[in-house]
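Q: I'm new to this one. Could you walk me through how to read it?

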Amino acid sequence: MILVTGGAGYIGSHTLVELLQADHEVVVLDNLSNSSEESLRRVMEITGRRLEFVKADLLDVDALEQVFNSYPIDSVIHFAGKKAVGESVAEPLLYYENNVCGTLNLLKAMRKHQVKRMVFSSSATVYGDPVSVPIQETAALQPTNPYGRTKLMIEQMLIDLKGSWENFSVAILRYFNPIGAHTSGRIGEDPAGIPNNLLPFVAQVAVGKREKLSVFGDDYATVDGTGVRDYIHVVDLAKGHLLALGKTGEENLLGIYNLGTGNGYSVLQIVHAFEEASDSKVPYEIVERRPGDIAVCYADSGRASKELGFAVEKGLTEMCQDTWRWQKNNPEGYGV
Ligand code: NAD
Ligand code: UFG
């Protein structure tokens, strides 16, 4: 059985669909601090399969112990964590406690119960401002904010644990920019309040919930001056987790993999692609650069492709169409 921490969230819920469709038994642990149990109900609806759910916090050691005592867990996919860069600058201790201490508790429970396989959600944010693109896994690690530093600290904890526990098998996945939604339009990204990320904001403008997009700077050294990122469809990303999990079962792994498409798109290219996919207008204005933003970031995912057999199937049009379907059918996210 697979323990999926943070499974009620955006990437977790999409990965659950793939896991259940591949006949895996799953128990989800989530404190619902940034998600809703409705996502899990919809995962079961899409797949016609059941999953177990425990509402608990990774900081609650007793609850964690109970989960490991109650289910025959043999591997863990660890999504649970806080992920808002700005909030991490304002509340760094909250981030170190939730992400680093939460993972520490999880690893202690895994060690105690001899659960040896793990897939961890890291982020391209560990690279900070890259020296060159496309970014390889061997690039310098220099995160520029507390959130990124929690990811790097966790990566280092995992590497140290591997050094002392030979049978521990771990895949560290550095995601680039996940967007899109399941094609059913039943699950998707449901940010609380004003979205920090580009696609949810664009989608809310297109649906008429917000007046216009603020484009953060048009004076970067890019194709049109706006920031360039590597957007990857969340379903392609979810499938990458199954490949990584399989790899942790084949061998005693310490694998670090970029998961991106290798393509970079600018903010304005995204706006235009979204307008086309949704047949709607996305008014925008150019404003100041957002502090801490970088100009260009995209992946070299060659290692994941070679070692995991990872390949993306969905292009930008599908990413925008699927985001739009989710937004249009669920204007209030899971709230309705
Ligand atoms: P999300 O917020 O939708 O999902 C995270 C889930 O973890 C939520 O359901 C939340 O309730 C839960 N959670 C948080 N702290 C917890 C705790 N202490 N105990 C139990 N549950 C807890 O985020 P997501 O976009 O699905 O991201 C999943 C993971 O991938 C995160 O670790 C995130 O840092 C990482 N990541 C995300 C992105 C992105 O752009 N979405 C990019 C790179 C990496
Ligand atoms: N952008 C705008 N207006 C907005 C939001 C974003 O112009 O309202 C621009 C940004 O300046 C950037 C691009 O759109 O050029 C993408 O911004 P996002 O906030 O969507 O994504 P980031 O690349 O800044 O960061 C995301 C996650 C991080 C993660 C990183 C790498 O938020 O947590 O991807 O995985 F670390």
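Q: Which backbone atoms lie close to the oxygen atoms of ligand 2, and how do I read such a pair?
A: Look for N or O atoms within 3.5 Å of each other. This is a predicted model, and in it a polar backbone atom of Phe-176 is 3.1 Å from an oxygen atom of ligand 2. Tyr-175 also has a polar backbone atom 3.2 Å from a ligand 2 oxygen, and for Phe-216 the corresponding distance is 2.9 Å.

Q: How much of ligand 2 does the protein bury?
A: Start from the ligand taken alone, then see what the protein hides. Ligand 2 exposes 690 Å² on its own, and 88% of that is buried by the protein.

Q: Which residues are the closest to ligand 2, and how many surround it?
A: There are 22 residues around ligand 2, and the closest are Asn-197, Ser-214, Arg-229, Arg-290 and Asp-293. Strand β8 (residues 213-216) supplies the largest share, four residues.

Q: Which elements give two or more residues to the shell around ligand 1?
A: Those are α1 (10-21), β2 (26-30), β5 (117-123) and α6 (146-164). The biggest contribution is from β5, with three residues. In total 28 residues surround ligand 1, and Asp-30, Asn-34, Ser-35, Phe-79 and Tyr-147 are the closest. The shell divides into 13 nonpolar, eleven polar and four charged residues.

Q: Now a sheet. In what order do β9, β12 and β14 come?
A: Read a sheet from one side to the other. Here the order is β12-β9-β14, an open sheet of three strands with mixed pairing. At the edges are β12 (265-266) and β14 (296-297), each pairing on one side only.

Q: How do β9 and β12 run, parallel or antiparallel?
A: Antiparallel: two bridges join β9 (residues 228-229) to β12.

Technical notes: Residues are numbered from 1 along each chain as its sequence is written. Chains are lettered from A and ligands numbered from 1 in the order in which they are written. This is a predicted model: local features need pLDDT of at least 70, side-chain atom pairs count only at pLDDT 80 or more; totals for chains, interfaces and linings use all residues. Side-chain values use heavy atoms; hydrogens and water are left out. A residue is near a molecule or strand if one of its heavy atoms lies within 4 Å of it. Ala, Val, Leu, Ile, Met, Phe, Trp, Tyr, Cys and Pro count as nonpolar, Asp, Glu, Lys and Arg as charged, and the others, Gly among them, as polar. A polar contact is a pair of N or O atoms within 3.5 Å; within protein, one must be able to donate a hydrogen and the other to accept it, and residues adjacent in sequence count only if both atoms are side-chain atoms. Accessible areas come from the Shrake-Rupley method with a 1.4 Å probe; for residues, only the protein chains shown count as cover. Two strands pair if DSSP finds at least two bridges between them.
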